[in-house]
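Thanks for coming. Please have the structure open.

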Number of protein chains: 2
Amino acid sequence: MSEAIDRYVTNNEKRFMEELKELLRIPSISTSPEHNADTHRAAEYCVTKLQAAGLENVELIETERHPLVYADWLHAPGKPTVLCYGHFDVQPPDPLELWETPPFEPTERNGNLYARGSADDKGQMYSQIKALEALRDVYGKLPVNVKVLLEGEEEVGGISVAEYVEKNPEKLKADVALVSDTEMYAAGLPTLNIGLRGLVYMEIESRGPARDLHSGLYGGAAPNAVFGLVELLSKAKDADGHILIPGIYDDVEAPSAEEKASWEQLPFDETEYLKHEVGATSLTGEPGYSVFERTWARPTLEVHGIAGGFVGNGAKTVIPAKAVAKVSIRLVPKQDPAKIVEAVRAFVAANTPKGVQMEVRVLSSGPGLMVNPDHHAIQVAAKAFSDIFGKETVFIRSGGSIPIVGDFAKYLGIPTILMGFGLPDDGLHSPNEKYCIRNYFDGIRTLAHFFEEYGK
Amino acid sequence: MSEAIDRYVTNNEKRFMEELKELLRIPSISTSPEHNADTHRAAEYCVTKLQAAGLENVELIETERHPLVYADWLHAPGKPTVLCYGHFDVQPPDPLELWETPPFEPTERNGNLYARGSADDKGQMYSQIKALEALRDVYGKLPVNVKVLLEGEEEVGGISVAEYVEKNPEKLKADVALVSDTEMYAAGLPTLNIGLRGLVYMEIESRGPARDLHSGLYGGAAPNAVFGLVELLSKAKDADGHILIPGIYDDVEAPSAEEKASWEQLPFDETEYLKHEVGATSLTGEPGYSVFERTWARPTLEVHGIAGGFVGNGAKTVIPAKAVAKVSIRLVPKQDPAKIVEAVRAFVAANTPKGVQMEVRVLSSGPGLMVNPDHHAIQVAAKAFSDIFGKETVFIRSGGSIPIVGDFAKYLGIPTILMGFGLPDDGLHSPNEKYCIRNYFDGIRTLAHFFEEYGK
């Protein structure tokens, strides 16, 4: 890396931190309509900072839901074009009572910055903006052409950005996309993510009696909406985590022997993982598959939440009329989300208990995908990452979903570099989400170095 | 019935209605600590009205939770003593949005009085007070000795009244107890309830990972507290409603052939019951048993409510750390609640899914029981009921639980007359609970007539 960039980052650490904190104070919870103005405010903040970094044609693009932000700098003729992507919306912070410090009051503690969105994705997204600022400030120009596209709906399905990408392939034309919204395999270990799972996210609603009934008077004869939902859900997955919905595994491909072998080289201590990351009495999952295979290369079904009947203090003896569960299936590459939705609908229809009615509502869906690790941009990114962190870059997959990567592949025909600086214990989507402060600054260094190397 | 009493009730209908409405306006929700003052206020209201009715030794008895109310009138030497019981607390009104008129603004509509507690049990309890008032006013005395014991914890397990009965058998000594907290089999059909189910009410809490986890990153390897609870609950009962917990049916006795035959004489239209009472697509329950057997003479298991994970708007992709369900088992006579609790604990221990921890908390429990229909007081009550309503009294059971009846049997050695004026469509514990206004006034007439007849 150039010493000039290194020095620039070092000299500006304090300001970079204050600016990120200001962004983190905005509760841009995209799933909550009452926070729509906050999400908009986060977009405006990004506009200001992109302008300050010297980006041009900075636009706040209104949509039917949350705004998009676009910017570019296209004065490097003959050089490749990088499409930078990030999101400024965050997950809801509940359960609030489990946060040690408030989710929207960013707090430094033990080398980490605690706040909702610190790692996912404001901290990482903002690293890209700061890397561009550093290059512009130090050299007066960028080493490659850059387009920036930020969204505020990533946590709620990203419909607007997907539509925008589909409708503006010329405007967004680039050689490669660069997304910093993933994690490093371990602290200090440079990591490129070359595989993502897809997702079908659904609500399943169960209706039994017309109203809540007295369980003494009707218990034994009336259907129970909560129990009906419990019966249905229990049939969707066995005790080992194997999904029982017919057809779910039809298009699942096993990872190559080579890829599996590389995973076996990754440092991994199952006992530590159980104790410090999961924190349960034991792991679960399909027998015969490693934790990597279970979380990266196998579809999984989870119930994210369930509600129905009386759950206040004390005892209320009702047979509930209604219940709802949030359920998702993570998909691996080659699985078709539409086909999975059909399989779920057929399963629900075939397994709806007597006396109960079920409705399936699909909230979002997107496929899983892989990028080719031999692609030039990926190789440059791997080297840049190694240079800054001083270790060989590893190639892994993630069990999570980043639908935009699929859109870039589908509508722009470009691969995506998933160069992320999160850590496994960052607590994404959980209380006390944090971002490693060292990774924030070294992330800026790494991204700037990648732009320089890619422009050579 | 004496014409004087009939006239007295007729002349005072308007005032009786206003007084009941005043009581119904007090949101004495015993399960909600924030309503403790209201529950106390309901007790004070009863004290005032018992005094006004000419009862003596009227006491408001403070307890560790909600107060009791005691009163007596013991100037009928040689006559039997009746222990009148009722409760002035009510169930929570939620879901509030389903009420057509607010639960604590009693509203007359189509011959009914709509309010939380109108039927269960304020309206019925207040009928007893008004019957005593009518007799005192018309005759200057009561035809029998009377003790009144009212409580404010019936909907939360009735611990205080149970302790009070246990500790004060001399004070409460009586020949028979009279409880108006049940329903008539059908509108206009005088009904005495001679069997009640017992209840074991529990909370089952499930804990998986130490915190909510990202379902993409950990899905496939981490246990899910909601799914663990779903798995456990699904094993507790089969699709037909048969409980699968070992030992549950050990002490269950079938009703006598005679009793079953009498049930077959009751007017019952399963289609109407399904359509107008249950309002589901079909009934459920154990094959080979009639609806009466299923709801009156068989133990049943219900999940009253369930909560865990994210259930807000939109999509949040967590693996929940915690989930809780409210679960009860209704018991028939001869089943021992303590034995049932042990069976549930053993079942939960044996069926806790891998990686999940379960805790069972018992919130309340009490046995089911039967009273002898040939008892003199029951026979007098049956005749009094028939006299006022002009039809033969039928003897039924109820699937509900009134724990105090067991306490009266156990500690005072007396049977209980379950003479209730509710109707099957009153919506106990549900939104839009109502009490038939005609039954309110005829209930007062019936109770007064019973006291007169029992004093002969």
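In this predicted model, 87 residues of chain A are in contact with 87 residues of chain B. Which elements of chain A supply at least two residues each to that side? On the strand side, they are E10 (213-214), E11 (300-309), E12 (318-319), E13 (322-331) and E14 (357-366). On the helix side, they are H7 (215-218), H8 (225-234) and H11 (291-296). The element that gives the most is E11(A), with 9 residues. By class, this side of chain A divides into 36 nonpolar, 39 polar and 12 charged residues.

Stay with E11(A) for a moment. E11(A) is joined to strand E11 (residues 300-309) of chain B by 5 bridges, and the two strands run antiparallel. To find the pairing on screen, go to A:Ile306, whose bridge partner in E11(B) is B:Gly308.

Now the relation between the two chains. Chain A superposes on chain B with an RMSD of 0.1 Å, by a rotation of 180 degrees with 0.0 Å of shift along its axis. The two copies are therefore related as by a two-fold rotation axis. Both copies use the same surface, as 100% of the contact residues of chain A recur in chain B.

Next, chain A on its own. Chain A has 15 helices and 18 strands. Along the principal axes, its C-alpha atoms fill a box of roughly 80 × 50 × 45 Å. How does the radius of gyration of chain A sit against that of a compact globule? For 456 residues the globule would come out near 23 Å, and chain A has 23 Å, so the two agree. Of the 456 residues in chain A, 59% are buried. Taking contacts in chain A with a separation of 6 or more, 80% are between residues 24 or more positions apart.

On to the domains. The domain assignment gives two for chain A: domain 1 covers 3-196 + 368-454, and domain 2 covers 200-252 + 299-366. Their C-alpha centres lie 35 Å apart. How many residues are in contact between them? The count is 9 residues of domain 1 of chain A with 8 residues of domain 2 of chain A. On the domain 1 side, the elements giving two or more residues are strand E15 (369-370) and helix H14 (403-412) of chain A. That side of domain 1 has 3 nonpolar and 6 polar residues, and no charged ones.

Last item: strand E6 of chain A, residues 145-151. Is E6(A) buried or exposed? With 7 of its 7 residues buried, E6(A) is largely enclosed by the rest of the structure. In a regular strand, side chains alternate between the two faces of the sheet. For E6(A), one side holds A:Asn145, A:Lys147, A:Leu149 and A:Glu151, the other holds A:Val146, A:Val148 and A:Leu150, and all of these are buried.

E6(A) also has strand partners. Strand E2 (residues 68-73) of chain A pairs with E6(A) in the antiparallel sense over 5 bridges. One residue pair there is A:Trp73 with A:Val146. Strand E3 (residues 81-87) of chain A pairs with E6(A) in the parallel sense, over 7 bridges. In that pairing, A:Thr81 has A:Asn145 as its bridge partner.

That is what I had. I'll take questions.

Technical notes. Residues are numbered from 1 along each chain as its sequence is written. Chains are lettered from A and ligands numbered from 1 in the order in which they are written. This is a predicted model: local features need pLDDT of at least 70, side-chain atom pairs count only at pLDDT 80 or more; totals for chains, interfaces and linings use all residues. Domain bounds come from an automatic or database domain assignment. Two residues are in contact if their C-beta atoms, placed from the backbone, lie within 7 Å. Helices (H or I, at least four residues) and strands (E, at least two) are DSSP runs, numbered from the N terminus. Ala, Val, Leu, Ile, Met, Phe, Trp, Tyr, Cys and Pro count as nonpolar, Asp, Glu, Lys and Arg as charged, and the others, Gly among them, as polar. Copies are superposed by least squares on the C-alpha atoms of residues with pLDDT of at least 70 in both. The radius of gyration is taken over C-alpha atoms; the globule rule is 2.2 Å times the number of residues to the power 0.38. A residue is buried if 20 or more other C-beta atoms lie within 10 Å of its own, exposed if 12 or fewer, and partly exposed in between; C-beta atoms are placed from the backbone. Two strands pair if DSSP finds at least two bridges between them.
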